[in-house]
Amino acid sequence: MEVLKISKDDFRSFVQKKIENSDQRTIGVVKKGSHFAYADLESVEDMQMDYNVTMLPPKKYFQPPKEILLKFKPKDASSYVAVNQCDKIALIGVHYYDLASLFLMDKAFSDGERDEHYMKKRENSVMVGMYPTKYFKYRFAKSVLRDQAYKVADIMLVDMGDDYVVEVVSEKGREYIDGGNFVENKYSLLEIDEAKNKIKDDQRIPVPIELIPEYLVKNHGHKVWEDFGNKCFSCGSCVLVCPTCYCFDVSEEVELSLQNGTRVRTWDGCMLEDFAVCGDGHNFRKEKGARFRHRMFRKGKGLPEKFHSFGCVGCGRCAYSCASDIAGPVKILKYMEDNK
Amino acid sequence: MGAKPKVAFFDFASCEGCQLQIANLEEEVIGLAELVDIVEFREILTGKAPEYDIAFIEGAITRDVDEKKIKDIRSRSKVLVALGQCAVSGGIPRLKNNNPSLDNVKKMVYGDKYNMPHLDTYPTKAVNEVVKVDLYLPGCPINNKEFLRFVKEISLGIMPKLPNYPVCVECKLKENECLFDLGQICLGPLARAGCDAICPSNGVPCEACRGTVDNPNKNAMHEILEKYNYTVEEIKRKINIFGVDPEVKK
Ligand code: SF4
Ligand code: SF4
Ligand code: SF4
Ligand code: SF4
Ligand code: SF4
């Protein structure tokens, strides 16, 4: 892997040039009140490289909250036309845990039947990742996965103060930086490693992650599910903000004229009360506790067994977004440990 | 329904804000007129028809004359929809029921003119306390996009459904800062979505003006509000603004 460096000023000019290039959207992190969100950059002035976490993860660009899959004319059964809106995009400043989440998402959308809507968007994207420069109280990414980030990143940035160290991970990344003032790296491996690890996580998963699948099975009847379930609003915040949650619903919408219709895919999630209701009205997970357990089992057992990787990247968004403060995997596992 | 469905609008005790939302539809009104025949609508036209395929009822029932009128409308309507929270649950006009003396309420509002005969009303009833209601379109005011969906689906013979998830879902999709983070109290986790989280998106806490989801976790809301040092009475008042039963099973 080639390692270069660029001064922060030069990097900003580089991004500004990219923004002005109209055949690719440049997406970065911007301020939203006192929080942060990914958005199309209009000027590099808006770009925040020093942020704790974004409200929604980058999945919104690959699996949009509401996406048109097909267009049709309700009165003509042969009128179906597939729609796949996928612009060329570059995402700048994606933290490594969000890159790791896309590793899981890529697997979910390509395992078995390939999902063209998701995969095309991924193929049309350039991912410029980075190591976080700001502490976030709920993050525990270090205690889960990190190597997966390099399977998704095209470029990785490491903040060295006045410069970024630039790890060129893929050929796509190599092409992307063409024309910028990227020069020979002068930092030692030790310095780079220190910078990568500068921001500490306070939280740790209290159980070794490779043991979590069997740990959960053993604790299928643990009181945590009911105790925490009782506090749950079934508001879905924890799954909507989660970078590794990909559940969706598909429905049809018809215009008022009744002449044109669309088939749309919208975000859905297992924490919502009606998620597991089937055609005859039966709800497979009627109780809040059962839904609460299901989510943890997806992250800690289902995904690991399918994709050989823990299903949670430790971003801490769920913990932060939960009004009842019960959604964080660290908190759940600690409660289980404390109440054996 | 064959030909274009005949649609009528009626109002009872309300601010007429919900009908205004419909009058505000602008260009969609034309599409609406192609889909259905609007036979009565005081905000934009007046007329009379012997029967209605869809009757939208705005407002709560507060007088005997209203009861007679709504029963008559019911007998001539195939589908009767409670339009807006006044009709759905009694809404804002129902707040007076919380006061043990209706005379006191009138004195508070109208001062020494409180005894005028047209102010004579009984405790507010939701429409379904008087006649059978087929469908509920909640909100104070209603969301006019949801109204269009209702009209479209009823016309197509589909039973419109309301979202059964909380306002937080729509709020999260808009990437709003959660008002709890900003030190405010928001009823979003209990409230039924469908309004596109319009209040929190504008920095205003949700008051559950569309009522709650089917199984709101009021216990959990009480716990949160207690953490913020609200008294039980304050909590109940907050939850009850739009007629949500504030009691919890402990
Ligand atoms: S965010 Fe919290 S309250 Fe909402 S569904 Fe998740 S666990 Fe339940
Ligand atoms: S489960 Fe929570 S901490 Fe883990 S990836 Fe999802 S949102 Fe982040
Ligand atoms: S529900 Fe609200 S907006 Fe609609 S009529 Fe009643 S008070 Fe007015
Ligand atoms: S502001 Fe209100 S509606 Fe929005 S997420 Fe927070 S609690 Fe839910
Ligand atoms: S956010 Fe709450 S109060 Fe505002 S319109 Fe929606 S349900 Fe009503």
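This is a predicted model: local features need pLDDT of at least 70, side-chain atom pairs count only at pLDDT 80 or more; totals for chains, interfaces and linings use all residues.

1. Searching the whole structure turns up six cavities of 30 Å³ or more, where a cavity is a set of points, on a 1 Å grid over the protein atoms alone, at which a 1.4 Å probe fits but cannot get out. Volumes are the space filled by probe spheres set on the points, which are joined across faces, edges and corners.

2. Residues are numbered from 1 along each chain as its sequence is written, chains are lettered from A and ligands numbered from 1 in the order in which they are written, and side-chain values use heavy atoms, with hydrogens and water left out.

3. The largest cavity holds about 90 Å³ of space, and among its 13 lining residues, Cys242(A), Pro243(A), Cys312(A), Cys315(A) and Cys318(A) lie nearest its centre; lining residues have an atom within 4 Å of a point. By class, this lining has seven nonpolar, three polar and three charged residues, with Cys and Pro counted as nonpolar and Gly as polar.

4. The second largest cavity, with a volume of about 70 Å³, is the space taken by ligand 1, a molecule being placed in a cavity if more than half of its atoms lie within 2 Å of its grid points. Its lining has nine nonpolar, three polar and no charged residues, and includes Cys232(A), Met271(A) and Phe292(A).

Note on methods
On a 1 Å grid over the protein atoms alone, a cavity is a set of points where a 1.4 Å probe fits but cannot get out, and a pocket is an open set with protein on both sides within 12 Å along at least five of seven lines; lining residues have an atom within 4 Å of a point.
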